[in-house]
Every structure is written in structure tokens, then in C-alpha cells.
Amino acid sequence: MAETWHGIVRDVLKRHDVRLVTYVPDNVLRPLIEGVEADAFFTAFACTREEEALGIVTGAWMGGTRGIVLMQTSGFATLSNVIASLALPFRVPVAMMVSERGTLGEFNIGQSLVAKTMRPVLDALAIEHHTMTRLDETDFILDRSLVQAYATMAPVCFILSPLLTGGKVFSK
Amino acid sequence: MAVLANHPATRDQAKVMNRYDITLRLVGLLHQDEAVIGGIGYTNFDLWAASAGRQGRRQPNFYMLGSMGLAVPIALGVAIAQPRRKVFALEGDGSILMQLGCLSTVAARRQTNLCIVIMDNGAYQITGGQATAAGQGTDIVGIARASGLAQSAWAADEASFTELAGLALQEDGPWLIGCRIDAGKPADTTERDPARIRDQFMRGLGVRK
């Protein structure tokens with residue numbers, strides 16, 4: 001069977017002992033969510049808000065368990081305060097993975113507008129972020145960036161481009 | 001929950017207590033190994049004040065400096081990472097009203113080693129005492145029960161609080177204890193040094209040596 005982006009993500013998370021996955025669901029993330037929920041290595045569950053999901057991963061890291069927050073672009077837009085007042089000043093390496101909406105065929109104007117804020121916010125907060133577009137780069141980007149996040153105790157954000165995932169396709 | 005049957009059914013029936021006094025009682029019941037997460041504002045300041053001791057300040061305490069509403073999520077994360085440790089979240093009424101969904105998440109996970117203590121004075125005290133919805137018809141213990149946290153109760157008075165906190169220490173949760181408190185000023189101010197706070201907390205949890 002051909003490798004999939006979500007299969008690679010799951011494998012790299014395991015390699016780095018990232019056991020906790022908190023998320024607010026998204027259609028593009030669905031195969032990754034199903035993959036980690038079916039795997040006893042992971043503790044994975046839905047949260048009511050992205051802030052809550054980030055708070056849980058922060059607490060877990062301080063308690064010795066690594067975690068990642070999965071969300072879509074609009075969810076990331078709710079996070080700047082808790083990144084600036086919790087993850088950054090306390091130096092907690094929260095990993096975030098964002099399914100990118102708002103580009104390459106978006107059909108919802110709200111998504112396309114809020115998406116414009118994502119990279120400027122990441123840059124303003126000086127958070128390392130990578131846009132993942134190619135299957136053959138997925139392992140390398142994730143692997144190296146997780147090493148860096150834990151070594152430097154800094155949050156990191158992975159943006160899953162529709163070029164990688166196929167995105168959400170317009171249908172009338 | 002027969003054991004909770006003798007506790008007040010609603011917020012109106014609970015005695016108005018003092019936050020620092022209640023926090024002192026809680027810290028007094030704790031051993032060295034429980035984790036305590038202080039939300040923002042005076043709840044946090046009084047945890048800091050109540051945790052001072054002759055042998056230094058209680059170590060496994062975490063003090064938020066912003067991220068209003070995240071005391072319970074942070075505590076849930078610690079509880080997931082360290083399932084044999086009891087974890088307490090201290091949160092104000094204004095703060096929990098900002099993040100009510102986390103009560104549902106805790107209930108859905110049936111996190112047995114977690115206890116949430118709500119300090120409810122019906123006001124955003126630190127910003128000038130503006131009224132919160134609590135006390136204007138919103139009953140946070142009622143919300144917690146409806147969220148699926150069956151072991152939720154108002155502390156009738158100080159003795160009742162001690163009894164509930166003792167139960168939370170001995171028996172499986174998740175627990176939620178509602179405390180009505182007055183508008184007393186906090187006894188001290190938390191040191192604002194996040195890197196140090198986090199490092200002390202992790203050492204207290206044994207994650208760092």
C-alpha cells in the first residue's frame with residue numbers, strides 16, 4: 001500500500017513518543033484522527049475548543065507526556081492569547097498541526113478571510129512553522145521540527161496544505 | 001452519590017466563606033505529592049500565599065499568568081500524564097464561565113484523579129468587581145452536574161469543604177467542589193516568573209530532578 005500523509009504523521013509522532021493527541025475535528029484530519037484513535041499507543045480525544053486542547057497538552061508535557069493539538073485554520077485563529085500567555089512564557093513545546101482551509105479552492109468566505117491571519121500571527125509570535133506540501137518531505141519536516149521543539153522548548157506549528165492532503169473540495 | 005446528599009442543592013444555600021481561609025484548609029489537607037493548578041487572579045494569589053511554609057513554598061503548584069479559563073484543561077493534562085497523582089484545579093467563577101466546555105471534556109474522560117475547586121464570589125474581582133453571571137441565576141455546580149460531573153457539590157460551610165476535599169483525596173473522581181466566597185483581598189501576590197514557576201512545578205512532579 002502506498003504511503004499516506006497521515007500514516008507518516010502517525011509514525012513520526014510515535015518515533016518521538018508524542019502520545020497525547022487533542023483535537024477539534026476537521027474533515028481533512030479525519031484519517032489521521034481515526035488512525036491515532038485506533039492505535040493503543042495514543043491517547044486521543046476531541047475537545048470543545050482549541051484553547052482547551054492546548055491547555056491539556058501543556059499540562060501533560062509538564063507531567064512528562066508529549067502531545068500535539070490538531071485543528072483547522074479557523075481554530076488556530078482562537079489561540080493567540082493562550083500561546084502568548086501560556087506556551088511561550090512558560091517555554092512549553094506544544095506541537096500544533098493545522099489543516100489549512102481558506103486557500104486553493106476554498107468555498108467559505110469566512111475560512112478564506114480568517115486564513116489570512118494564520119501566518120502573520122505565527123510570525124508575530126516568532127513560532128517555528130512549516131507548510132507541508134509534499135509527501136516526500138513530510139517525514140523530514142516533522143522529524144526535524146519535533147527534535148527542535150523539544151530541544152529548544154518552543155512551540156511548533158505544522159500547516160497541512162491542500163497540496164499534501166487534497167483539502168476540502170468544493171461541492172454545491 | 002448518597003454521600004453528597006446532605007450538601008446544599010443550590011448556590012443560594014451555601015455559606016459565603018473566605019478564599020484565603022478555604023485555600024489554607026485545602027493546602028493543609030494535601031500531602032506533598034498532589035499537583036495544584038491555580039487559575040488567574042486572586043484564586044492564584046491566595047494559592048501562592050497559602051503554600052508558603054517554613055520549609056519553603058509547596059513545590060507541585062502551577063500558577064497561570066494569563067490564559068484565563070485554562071486551569072482545568074492544564075490540570076486535566078497533568079492528570080492524564082500522571083494517573084496515580086491527585087490533581088486539583090483552583091478556578092474562579094468568571095474563569096470557568098469562559099471555558100465551560102472543559103467540564104464536559106473532564107466528564108467524558110471520567111478522569112478519576114482530578115478535583116476542580118471553584119471559588120465563586122459572583123464577580124470579576126481583580127478588574128473592579130463587575131458582576132459575573134454566577135449569582136445572577138447561573139449555578140456552576142448545577143452546570144457541572146449537567147455536564148456529566150455527578151460528583152459535584154456546594155460546600156455548605158468550612159467543615160463541609162474539608163469533608164468534600166477529603167473525599168476527593170481518598171475516592172475516585174472527577175470531583176467538583178463549589179465554594180461561595182466573599183470579596184476579601186488576597187493575602188499575597190504570586191511571583192511573576194513563568195520559567196521558574198514551570199521548572200519548580202516539574203521538579204515537584206518528579207519530571208525533572
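1. The interface between the chains. In this predicted model, chain A and chain B bury about 2,100 Å² between them. Of this area, 70% lies on carbon and sulfur atoms. The contact draws 26 residues from chain A and 29 residues from chain B. Glu52(A), Met62(A) and Phe90(A) deserve attention here: they supply 31% of the area that chain A buries against chain B, more than any other three residues.

2. Elements on the chain A side. Three elements of chain A each give two or more residues to the side that touches chain B: strand E2 (43–46), helix H3 (50–62) and helix H5 (80–87). H3(A) gives the most, with eight residues. Sorted by class, this side of chain A has 13 nonpolar, nine polar and four charged residues.

3. Polar and charged pairing across the interface. How many salt bridges are there between chain A and chain B? The count is zero. Polar contact does occur between the two chains, in five residue pairs, with both residues of each pair at pLDDT 80 or more. Over all chains, the structure holds 18 salt bridges.

4. The overall form of chain A. Chain A contains nine helices and six strands. A compact globule of 172 residues would have a radius of gyration near 16 Å, and the 15 Å of chain A agrees with that expectation. Along the principal axes, the C-alpha atoms of chain A fill a box of roughly 45 × 40 × 30 Å. Buried residues account for 55% of the 172 residues in this chain. If one takes the contacts in chain A between residues at least 6 apart in sequence, 76% of them join residues at least 24 apart.

5. Helix H5 of chain A. Which residues of H5(A) are buried? They are Val82(A), Ile83(A), Ser85(A), Leu86(A) and Ala87(A). Within chain A, these buried residues pack against H3, helix H4 (73–76) and strand E4 (95–99). They also pack against strand E2 (61–63) and helix H3 (71–81) of chain B.

6. Side chains of opposite charge can pair when their charged atoms come close. The side chains of Arg15(A) and Asp143(A) meet in a salt bridge, at 3.1 Å from N to O. Arg15(A) lies in helix H1 (residues 5–15) of chain A and Asp143(A) in helix H8 (residues 135–152) of chain A, so the pair ties together parts that are 128 residues apart in sequence.

7. In chain A, the side chains of Asp17(A) and Arg19(A) meet at 2.8 Å, N to O, in a salt bridge. Asp17(A) is partly exposed, with a relative accessible area of 37%, and Arg19(A) is partly exposed, with a value of 36%. In chain B, Asp199(B) forms a salt bridge with Arg203(B), whose closest N and O atoms are 2.7 Å apart. Both residues lie in helix H8 (residues 194–204) of chain B, four residues apart, which is about one turn of the helix. Asp199(B) counts as buried because its relative accessibility of 18% falls under the 20% limit. Arg203(B), by contrast, is partly exposed, with a relative accessible area of 34%.

8. Helix H5 of chain B. The buried residues of this helix (residues 101–109) are Gly101(B), Cys102(B), Leu103(B), Thr105(B), Val106(B) and Ala107(B). After H5(B) comes Arg110(B), whose phi is positive, near 50°.

9. Thr23 of chain B. Thr23(B) has its place in helix H1 (residues 19–29) of chain B, and it is buried, with a relative accessible area of 1%. Which backbone oxygen lies 2.6 Å from a polar atom of the side chain of Thr23(B)? It is that of Arg19(B). When neighbours within four places in sequence are left aside, Thr23(B) is in contact with Asp46(B), Leu47(B), Ala50(B), Leu90(B) and Met119(B).

How values were computed:
Residues are numbered from 1 along each chain as its sequence is written. Chains are lettered from A and ligands numbered from 1 in the order in which they are written. Side-chain values use heavy atoms; hydrogens and water are left out. Contact means heavy atoms within 4.5 Å. Buried area is the accessible area (1.4 Å probe) that two parts lose on being put together, summed over both. A salt bridge is a side-chain nitrogen of Lys or Arg within 4 Å of a carboxyl oxygen of Asp or Glu. A polar contact is a pair of N or O atoms within 3.5 Å; within protein, one must be able to donate a hydrogen and the other to accept it, and residues adjacent in sequence count only if both atoms are side-chain atoms. Ala, Val, Leu, Ile, Met, Phe, Trp, Tyr, Cys and Pro count as nonpolar, Asp, Glu, Lys and Arg as charged, and the others, Gly among them, as polar. The radius of gyration is taken over C-alpha atoms; the globule rule is 2.2 Å times the number of residues to the power 0.38. Buried means under 20% relative accessible area, exposed over 50%, partly exposed in between (1.4 Å probe, protein chains only).
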